[in-house]
Amino acid sequence: MIKPSLKVNICGIEFNNPVIAASGTFGFGREYSEFYPLSLLGGISTKGTTLKYRAGNLTPRIAETASGMLNAVGLQNPGVDAFIEKELPFLRASGTRIIANIAGNTPEDYMAIAERLNGKVDMIEMNISCPNVKVGGIAFGILPESVNSITRAVKAYCTLTPLIVKLSPNVASISENAKAAAEGGADCISLVNTFTGMAIDIKKRRPLLSNITGGLSGPCIKPIALRMVYEACKAVKIPVIGMGGIMTASDAVEFLLVGAQAVQVGTANISNPLAIPQIIEGLERYLAENKINDINELIGGLLTD
Amino acid sequence: MRELELTITQNIKIAENIYRMDFSLTEGVGAIQCGQFLNLSLNRPDLLLKRPFGICSYDKDGRSITICYQLAGKGTQEMSTMQAGDKLMATLPLGNGFKLCDSYKKVALIGGGVGIFPLLSVPLNYPDKEYYSFLGYRSKSFVCMKKEFEAFCCSRIATDDGSLGQKGNAVELFLSNYDSIKPDVILACGPTVMLKALKKGLKENNINTPAFVSLEERMGCGVGACLVCVCQLEKREGVAANARVCKDGPVFNILEVEL
């Protein structure tokens, strides 16, 4: 039997397979490279990088919820210059695709970071959906008009590198925001970031997170994330990268069926360091069992009649 | 560090709310350093996160491992119902453990609550030291692993209510015995409030003995990627920085971390 092809092409960039490590759960890849070669991955979306070093929020930064978790790390990162100098050479040598996830407090921050990374990474993913920072972050990602204008402003600096806009699910209409990103010039969109949530210790009457609220992720969000990716895929013609609670290969297949050209896996890494290689193996098995030679035949293959 | 399947060989209650769980591994993890921990999966999709536990004993090849745990929430409740033969995935061994240089002959171990357990592993890597332990428990019914400590230590106990040993906590117990022992190094593990008291106590009493503490923090991945379990380092030339408890620690020099 011929080994099925898992290769996908997004904005002219070829990925070995459509499974990408999601930003914030995978650092800059070093830790997981102790478990498996990073070249196995479709790609890595790196830890959200800001213009300058950020210390992040106070602890506790994590709380378990039923079939999910809340996090409020608050974009702790070394800043874009340290990323380029200290992390990028390692990532480059790892033989996987590098998506630099970027975040900022102002449009100017985003533009400055994009300018520095333009031409240095395979794709830039603009995070306008982080729920855990006080200024910026999600603020740019709520209204379609602001999604459009920040996309337009940042895209001007991504002359050599395709721009992904990472959408927030905490919005009135995901279709409208997807369209706003596309009309603003995004080359690709990715969704969903985490849902804003909270949890409380009733004995202490205190929130479980120091930030009070945090971003909910994990299997509990998957049906909502899948519906949003389905709607976004219908709304725009640019490629869509889907994510939200993917733990297994069958979860990934669901996102591909609604039209996502690739998926990102985040929370699953936290509970199982081997999650991504296992998902890739599972996808290969699914294709073989269903006699599909090329994963692209699966993408958008949902039957609704 | 590896992701491996562990088989429970024993799961018994050893004191009030406290259990001991022994595992065997078909594939050994190799050498473990005292003070390292494992991140244990609970086989329940609704309990998504792994739980970190200090490893309290192990053999040379890492084929048999013991942890102890206190009932604290859903995860540990679930663990208490598990049986010999049950299999769990775990990531191990994790973190930087306790390291002792040759010049340290007399070692003081200070443990509070579940913090006593990782200290049990220290003589496995360093059998030829002179050990003194200062163990703090809530009360008599919580006392456990007493004999195990007495097997390699001159061991003293304190309880919060005075129902066994000295009334008070492990740090007070240590400080009141410091002059008669004068250890070369201090290793401590326990709740942050205890480690804070130790840092303050050493400073107030002008004790300059090197001290290493194993920190506790809510964790995610356990391997250093998710940046959930950070602690603050003492400022260097006015610059603050975070360290990851799981990867850069859990053991830190007491002078380097803010408590």
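In chain B, the axes of helix 5 (residues 170-181) and helix 6 (residues 192-204) come within 9 Å of each other and cross at roughly 25 degrees. Since angles under 35 degrees count as roughly parallel, helix 5 of chain B is therefore roughly parallel to helix 6 of chain B. The crossing of helix 5 of chain B past helix 6 of chain B is right-handed. The residues that meet are Ala170(B), Val171(B) and Leu175(B) from helix 5 of chain B, and Met194(B), Ala197(B), Leu198(B) and Gly201(B) from helix 6 of chain B; by class, this contact has 6 nonpolar residues, 1 polar residue and no charged residues. These values, like those that follow, come from a predicted model.

Helix 4 (residues 174-183) of chain A has Ile174(A), Asn177(A), Ala178(A), Ala180(A), Ala181(A) and Ala182(A) as buried residues. The buried residues of helix 4 of chain A pack against helix 3 (144-155), strand 9 (163-166), strand 10 (188-191) and helix 5 (222-235) of chain A. Helix 4 of chain A is followed by Gly185(A), which has a positive phi near 110 degrees.

Chain A also contains a closed barrel of 8 strands, running 3-4-7-8-9-10-15-16 with parallel pairing, in which neighbouring strands are turned by 25 degrees against each other on average, direction ignored. Strand 7 (residues 97-102) of chain A includes Ala100(A), which counts as buried because 32 C-beta neighbours lie inside 10 Å. Leaving aside residues up to four places away in sequence, Ala100(A) touches Thr46(A), Thr49(A), Leu117(A), Val121(A), Ile124(A) and Glu125(A). The C-alpha atoms of Ala100(A) and Asn127(A), residues that are 27 apart along the chain, are separated by 9.9 Å.

Chain A further holds an open sheet of 4 strands in the order 5-6-14-11, with antiparallel pairing. Strand 5 (62-65) and strand 11 (195-198) of chain A are its edge strands, each pairing on one side only; neighbouring strands of this sheet are turned by 40 degrees against each other on average, direction ignored. Strand 5 of chain A runs antiparallel to strand 6 (residues 68-71) of chain A and is joined to it by 4 bridges, with Asn71(A) in strand 6 of chain A as the bridge partner of Ile62(A).

Most residues other than glycine have a negative phi, and most peptide bonds are trans. In chain A, the peptide bond from Leu191(A) to Val192(A) is cis, with omega near 5 degrees, and Val192(A) is found in the loop between strand 10 and strand 11 of chain A. In chain B, the peptide bond from Leu92(B) to Pro93(B) is likewise cis, with omega near -15 degrees, and Pro93(B) is placed in strand 7 (residues 87-94) of chain B. Positive phi values in residues other than glycine include that of Cys11(A), near 55 degrees. Cys11(A) lies in the loop between strand 1 (8-10) and strand 2 (13-15) of chain A and counts as partly exposed, with 16 C-beta neighbours inside 10 Å. Asn43(B), which is not a glycine, has a positive phi of about 60 degrees. Its place is in the loop between strand 3 (37-40) and strand 4 (51-54) of chain B, and Asn43(B) is exposed, with 12 other C-beta atoms within 10 Å.

The contact between the chains takes 29 residues from chain A and 24 residues from chain B. On the side of chain B that touches chain A, the residues divide into 14 nonpolar, 5 polar and 5 charged.

Key:
Residues are numbered from 1 along each chain as its sequence is written. Chains are lettered from A and ligands numbered from 1 in the order in which they are written. This is a predicted model: local features need pLDDT of at least 70, side-chain atom pairs count only at pLDDT 80 or more; totals for chains, interfaces and linings use all residues. Two residues are in contact if their C-beta atoms, placed from the backbone, lie within 7 Å. Ala, Val, Leu, Ile, Met, Phe, Trp, Tyr, Cys and Pro count as nonpolar, Asp, Glu, Lys and Arg as charged, and the others, Gly among them, as polar. Two strands pair if DSSP finds at least two bridges between them. Helices (H or I, at least four residues) and strands (E, at least two) are DSSP runs, numbered from the N terminus. Axes are lines fitted to C-alpha atoms, for helices over the stretch in contact, and angles run from 0 to 180 degrees between N-to-C directions. A residue is buried if 20 or more other C-beta atoms lie within 10 Å of its own, exposed if 12 or fewer, and partly exposed in between; C-beta atoms are placed from the backbone. Angles under 35 degrees count as roughly parallel, over 145 as roughly antiparallel, 65 to 115 as roughly perpendicular and the rest as oblique. A crossing is left-handed if the near helix is turned anticlockwise from the far one by less than a right angle, and right-handed if clockwise.
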